[in-house]
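Please keep the structure in view while reading.

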Amino acid sequence: TQDEKLRERFDGKPEMLINYLNAVAQDVREILAGLGFRSLHEVIGRTDLLKQHIIIDHPKANTVDLSGILARRDYERDQRLRVWHRNDKPDKPLDDIVLQDVKDAIRDKTHVTRSYKIRNINRSVGTKLSGEIAFLYGDKGLPENTIQLSFHGSAGQSFGAFLVQGIRLHLTGEANDYVGKGMSGGEIVVTPSHNEESSAQEVIAGNTVLYGATGGALFASGRAGERFCVRNSGALAVVEGVGDHGCEYMTGGTVVVLGPTGRNFGAGMTGGTAYVLDVLGDFEKKCNRDLVTLQRIETHEDTKFLQSLIHRHLEATNSNRAQEVLSKWSSFGMMFWKVAPKRRTGEVHPEKRYVVGGQQVGGYLENAFSGLKP
């Protein structure tokens, strides 16, 4: 309603909202009167007015014990209103601690290695660090792997978001949604807290990983959630399984999936290349063919390129899955699908490789990378 153009579309009047809120207030007054009170201040903190509702024919719900929540405490009125200073003040953000620890390495461009424990309350770890580097050095960032950080535990949302060149994050554990969101450089490695054969079957990263990424690399020794690499436009990613809508609206970059995918893979994908290992033989039914084509890995160039990416994944994660695929290539190689956008006027040949940001990529629109040499 602050925009005149949008306000023109609104048929209501301010008086309608006033009437609605007056009606809500009247209902509250009637409920309070029915309880014998005159104001909300008189009932705040009165847990003795509440009782747990028993749900008929739902034994599971009735096992919930709310006695701790409904317990009456003789707090003063001001305490019931919670006007005292919060008693659960959060700790110093982990990113602030990291930034303080590596400030000299940022200034002098010297190599540094640090290790930290991480919890799911630690969100956007690496983002403030990337912002400081971008402020000082712009898009160029720092030399490769100048800052190497290891984390152990469960990372909160947006781990490594907007990561820049020069940072390498290695997480041992698992991560929440939006890993590498908007990443423009650097490297993220996610490995399980153990190295068992079943690790490739585990979900190790959440949804919307590498959303809008423009560069950098991600290696995850396990599965990711839904919308993996949505709107990816330049990052390299190797993962061992993804959920629904993988590579949705992808415009660039290279993705390798060493395991199953969900439905609707490649929907709206107009650039980049994906390689999918289809052991179960059902990927054709799960791929959205509106804008992409499928073909087997037949050329020597494609084979060597794909093997090199899987080898990088093995080196970074020590993945049992990657080791198995490489050691049994005669069997697994024929199970890969190459997913690429349909040819249009102005596109480069999908077999050509281009070097962008120091990485080989393929299948891009020519007008987006004009002047680059294969």
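Two strands count as paired if DSSP finds at least two bridges between them. This is a predicted model.

**Strands**
- Strand β4 spans residues 184–191 and is mostly covered, with seven of its eight residues buried.
- In β5, Ala220 is the bridge partner of Val190.
- Strand β5 (residues 215–220) pairs with β4 in the parallel sense, over five bridges.
- Strand β3 (residues 167–175) also pairs with β4 in the parallel sense, over five bridges.
- Arg168 stands opposite Glu187 of β4.

**Cysteines**
- The model has zero disulfides, by a cut-off of 2.5 Å between cysteine sulfur atoms.
- Cys287 is in no disulfide either; its nearest cysteine sulfur belongs to Cys247, 9.2 Å away.
- Cys247 counts as buried because its relative accessibility is 0%.
- Cys287 counts as buried too, at 7% relative accessibility.

**Helix pair**
- Helix α9 (residues 300–317) packs with helix α10 (residues 320–327) at an angle of about 145°. Their axes are 8 Å apart.
- The α9 and α10 crossing is left-handed.
- From α9, the contact uses Gln307, Ile310, His311, His313 and Leu314. From α10, Ala322, Gln323, Val325 and Leu326 take part.
- By class, this α9 and α10 contact has five nonpolar residues, four polar and no charged ones.

Key
Residues numbered from 1 in each chain as written. Predicted model: local features only at pLDDT ≥ 70, side-chain atom pairs only at ≥ 80, totals over all residues. Heavy atoms only, no water. Axes fitted to C-alpha atoms, helices over the stretch in contact; angles between N-to-C directions. Helix = DSSP H or I, 4+ residues; strand = E, 2+ residues; numbered from the N terminus. Left-handed = near helix turned anticlockwise from the far one by under 90°. Contact = heavy atoms within 4.5 Å. Nonpolar A, V, L, I, M, F, W, Y, C, P; charged D, E, K, R; others polar. Buried < 20%, exposed > 50% of the residue type's maximum accessible area, 1.4 Å probe, protein only.
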